[in-house]
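Morning, everyone. Let me put the model up, and then we can walk through it.

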Amino acid sequence: MDSGQTASRRRLRAQLLFLCEAPVRTMTFVVDSLNCRRCVREVTARLRDVPGVETLSADMGRSLIRVSGTMTVDDVLAAFAGLSFSVRLVDPPDSG
């Protein structure tokens with residue numbers, strides 16, 4: 001194995017260790033105007049691309065989105081950039 005492959009494996013191992021040690025959080029957000037299936041699809045598609053999001057659920061009737069994983073609040077809020085939805089954090093992130 002050459003030194004490039006060895007370094008690459010070390011980086012990958014370090015990333016995996018970081019992910020294993022990162023705290024899992026659950027966050028709940030109110031998303032104004034989350035009142036149709038298209039809106040839910042648009043929002044959840046964006047949130048699936050947020051690094052660290054492992055699970056997410058949407059409650060269209062209550063305009064709530066719940067995400068769990070190792071993501072940060074800032075990364076979740078950044079996913080809404082350019083969308084017409086107003087979003088606010090309901091529950092502070094809890095480490096699970």
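Start with Arg25, which sits in strand β1. Strands here are DSSP runs of E, at least two residues, and helices are runs of H or I, at least four residues, both numbered from the N terminus. Before going on, the ground rules. This is a predicted model, where local features need pLDDT of at least 70, side-chain atom pairs count only at pLDDT 80 or more, and totals for chains, interfaces and linings use all residues. Residues are numbered from 1 along each chain as its sequence is written, and side-chain values use heavy atoms, with hydrogens and water left out.

Back to Arg25. Its relative accessibility is 24%, so Arg25 counts as partly exposed. The cut-offs: buried is under 20% relative accessible area, exposed is over 50%, and partly exposed lies in between, with a 1.4 Å probe and protein chains only. The Arg25 side chain reaches the backbone oxygen of Met71 at 3.5 Å. Arg25 and Glu54 are 29 residues apart along the chain, and their C-alpha atoms are separated by 9.9 Å.

Stay in β1 and look at Thr28. Thr28 has a relative accessible area of 4%, so it is buried. Its side chain makes a polar contact with the side chain of Arg66, at 3.0 Å. A polar contact is a pair of N or O atoms within 3.5 Å; within protein, one must be able to donate a hydrogen and the other to accept it, and residues adjacent in sequence count only if both atoms are side-chain atoms.

Now the strand pairing. Which strands does β3 pair with? One is β1, residues 25–31, antiparallel over 6 bridges. Another is β2, residues 53–59, also antiparallel over 6 bridges. Pairing means that DSSP finds at least two bridges between two strands. Thr26 has Ser68 as its bridge partner in β3. Ser57 is bridged to Arg66 in β3. Asp59 stands opposite Leu64 in β3.

Next, two backbone angles. The hairpin of β2 and β3 has 4 residues between the strands. In that loop sits Ser63. Phi of Ser63 is positive, near 60 degrees, and the residue is not a glycine. Ser63 counts as buried because its relative accessibility is 17%. Not counting residues up to four places away in sequence, it touches Phe29, Val30, Val31 and Leu34. Contact means heavy atoms within 4.5 Å.

Ser33 is the other serine to look at. It lies in the loop between β1 and α2. At 47% relative accessibility, Ser33 counts as partly exposed.

On to helix α2, residues 37–48. It has 12 residues and spans 16 Å from first C-alpha to last, close to the 16 Å expected at 1.5 Å a residue. That expected span is 1.5 Å times one less than the number of residues. Which residues of α2 are buried? Cys39, Val40, Val43, Thr44 and Leu47. They cover an arc of only 115 degrees around the axis, so they sit on the same side of α2. The arc is that of the directions from the helix axis to the C-beta atoms. Facing away from that buried side are the exposed residues Arg37, Arg41 and Arg48. The cover over the buried residues includes β1, β2, β3 and α3, residues 73–78.

Last stop, the core. A nonpolar core is a set of buried Ala, Val, Leu, Ile, Met, Phe, Trp, Tyr and Cys residues joined through side-chain atoms within 4.5 Å. The largest one has 18 residues, and Val43, Leu47, Val67, Val76 and Phe80 touch the most other members. β1, α2 and β3 each supply at least two residues of this core. The largest share, 4 residues, comes from α2.

And what does Phe80 contact, leaving aside its neighbours within four places in sequence? Val31, Val43, Arg46, Leu47, Phe85 and Val87.
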